[in-house]
There are 2 protein chains.
Amino acid sequence: MREGPDIARIASLVGDPARANMLNALMGGTALTASELALEAGVSLPTASSHLSKLMDGGLLTLASQGRHRYYGLAGAQVAGMIEAIIGVAEAVGPKRVRPGPRDAAMRVARVCYDHLAGEQAVAMLDRLLDRKLLLRDDNQIRLSPSGASHFSALGIETAAKARRPVCRACLDWSVRRSHLAGTLGAAILDKIIAEKWARREKDSRAVAFSPKGRQEFERVFLA
Amino acid sequence: MREGPDIARIASLVGDPARANMLNALMGGTALTASELALEAGVSLPTASSHLSKLMDGGLLTLASQGRHRYYGLAGAQVAGMIEAIIGVAEAVGPKRVRPGPRDAAMRVARVCYDHLAGEQAVAMLDRLLDRKLLLRDDNQIRLSPSGASHFSALGIETAAKARRPVCRACLDWSVRRSHLAGTLGAAILDKIIAEKWARREKDSRAVAFSPKGRQEFERVFLA
DNA sequence: CGCATGGTTCGATCCTCGTCGAAGCATTCT
DNA sequence: AGAATGCTTCGACGAGGATCGAACCATGCG
């Protein structure tokens with residue numbers, strides 16, 4: 001009937017509760033096995049398997065076979081961004097959730113979005129990097145400035161473009177409703193935060209918990 | 001079993017083809033009536049009405065009642081952003097589009113949109129009328145210029161405002177993704193095209209087929 | 001080799017939800 | 001008031017798809 005991209009097909013994939021739970025679980029960026037995802041979604045293994053093959057057919061997932069384990073992961077940052085956008089709308093229109101719990105509060109401050117940092121901290125960081133002209137924004141596109149390139153490599157953060165993935169990309173933050181930094185640079189920064197042990201990932205959650213000292217360091221380096 | 005925002009609920013609203021077409025039609029920002037949306041989605045009026053109340057319940061649409069017309073529009077930029085994100089994934093993931101059939105091609109060129117002409121011809125016509133300053137656009141509103149008023153009445157096309165329906169209205173074209181002319185003037189022009197037998201409506205389709213001679217006449221009058 | 005474990009496929013069941021015709025409201029025009 | 005138009009609700013029907021148990025592959029381990 002209508003032409004154009006088949007948006008109903010994609011949306012309906014996300015529109016099943018079991019599949020939505022799986023995708024949500026994968027938003028943490030770590031690939032999971034079919035059994036783990038079945039548990040997350042609260043369905044039996046055959047059901048989960050069926051859902052997973054549908055998500056694969058739809059191009060939303062990637063599959064990495066290792067021995068007899070098969071790890072499913074999100075197909076890319078674009079898919080993650082779409083899910084963030086849907087979460088944002090669901091948050092906005094959803095029944096005013098009964099006072100956000102402590103974990104929700106932590107999620108708002110800092111969390112993992114696929115492979116980069118999101119939340120208030122991440123939004124503040126992008127603002128600051130733009131202020132300091134380490135990154136430049138033209139017309140909703142973000143790119144690295146020469147001074148930014150040297151700045152990040154001095155920190156031991158790789159900024160060379162490789163593959164097709166852009167170094168910098170804006171990703172809309174559902175809790176703050178402004179952009180944070182995605183792309184290979186965003187991913188590299190999160191890697192550094194974890195590697196330096198400034199923060200650790202909460203168990204079974206997307207929340208990222210900074211240690212007091214780690215927060216200081218993070219603020220010194222990225223929010224100064 | 002996960003908690004958090006009900007993303008499946010939102011996604012499943014977009015996940016029905018009829019609703020997806022409606023939302024797509026509303027992406028231009030102009031609010032549309034239930035009948036127009038029914039036509040755009042290719043469903044009957046009762047079906048469309050049911051979909052619309054679901055979208056309202058889900059908080060994706062706003063409703064503006066004006067007399068006996070009820071204009072539905074997207075609930076806000078966040079919703080539009082979400083749909084854009086879904087479109088992005090759908091385009092990235094489904095490059096293989098089915099080959100459009102002959103009727104689809106005809107539909108793209110010229111079709112009926114509720115009671116006025118849509119498609120490439122209609123978009124070109126609106127462009128031309130604006131160029132010739134027979135119509136004026138301010139700020140996404142379209143209105144008739146004095147010269148336009150005399151021009152159309154010379155053609156025997158009534159341009160007096162009657163009832164509350166606007167004389168000119170922009171309507172987003174799904175195939176071209178730009179506006180074409182709706183409102184009483186748009187309807188009157190389609191009436192003339194049919195009355196002059198420049199074109200006839202295809203059976204059981206929204207497509208409008210111009211005769212060779214009719215097309216010449218149409219272009220002479222409206223695309224000159 | 002068996003045997004255990006992780007995953008997928010098959011078959012049958014069940015139920016939600018999309019669909020439309022007909023009828024019912026609501027508003028406006030004559 | 002009566003007719004016409006725009007839209008919603010009701011009722012019934014049908015199809016798609018989500019679900020799980022059981023059986024079936026595949027890999028790794030002793």
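Is the crossing of H2(B) and H3(B) left-handed or right-handed? It is right-handed. The model behind this answer is predicted.

**Two helices in chain B**

Helix H2 of chain B covers residues 17–26, and helix H3 of chain B covers residues 34–41. Their axes come within 8 Å. They cross at roughly 115°. On the H2(B) side, the contact is made by B:Ala18, B:Asn21, B:Met22, B:Ala25 and B:Leu26.

**Where chain A meets chain B**

Now to the interface between the chains. Here 43 residues of chain A are in contact with 41 residues of chain B. The area buried between the two chains is about 3500 Å². Carbon and sulfur atoms give 66% of that area. What polar links cross the interface of chain A and chain B? The rule finds two residue pairs in polar contact, both at pLDDT 80 or more. The count of salt bridges between chain A and chain B is zero.

Several helices of chain A each supply at least two residues of the side that touches chain B. They are listed here.

| Helix of chain A | Residues |
|---|---|
| H1 | 7–14 |
| H2 | 17–26 |
| H3 | 34–41 |
| H5 | 77–93 |

H5(A) gives the largest share of this side, 13 residues. By class, the side of chain A that touches chain B has 23 nonpolar, 10 polar and 10 charged residues.

**A salt bridge in chain A**

Over all chains, the count comes to nine salt bridges. One of them joins the side chains of A:Glu84 and A:Arg206, at 2.6 Å from N to O. A:Glu84 lies in helix H5 of chain A, while A:Arg206 lies in the loop between strand E10 (199–201) and strand E11 (208–210) of chain A, so the pair ties together parts that are 122 residues apart in sequence.

Technical notes:
Residues numbered from 1 in each chain as written. Chains lettered and ligands numbered in written order. Predicted model: local features only at pLDDT ≥ 70, side-chain atom pairs only at ≥ 80, totals over all residues. Heavy atoms only, no water. Axes fitted to C-alpha atoms, helices over the stretch in contact; angles between N-to-C directions. Helix = DSSP H or I, 4+ residues; strand = E, 2+ residues; numbered from the N terminus. Left-handed = near helix turned anticlockwise from the far one by under 90°. Contact = heavy atoms within 4.5 Å. Buried area = accessible area lost by both parts, 1.4 Å probe. Salt bridge = Lys/Arg side-chain N within 4 Å of Asp/Glu carboxyl O. Polar contact = N/O pair within 3.5 Å; in protein donor to acceptor, adjacent residues only side chain to side chain. Nonpolar A, V, L, I, M, F, W, Y, C, P; charged D, E, K, R; others polar.
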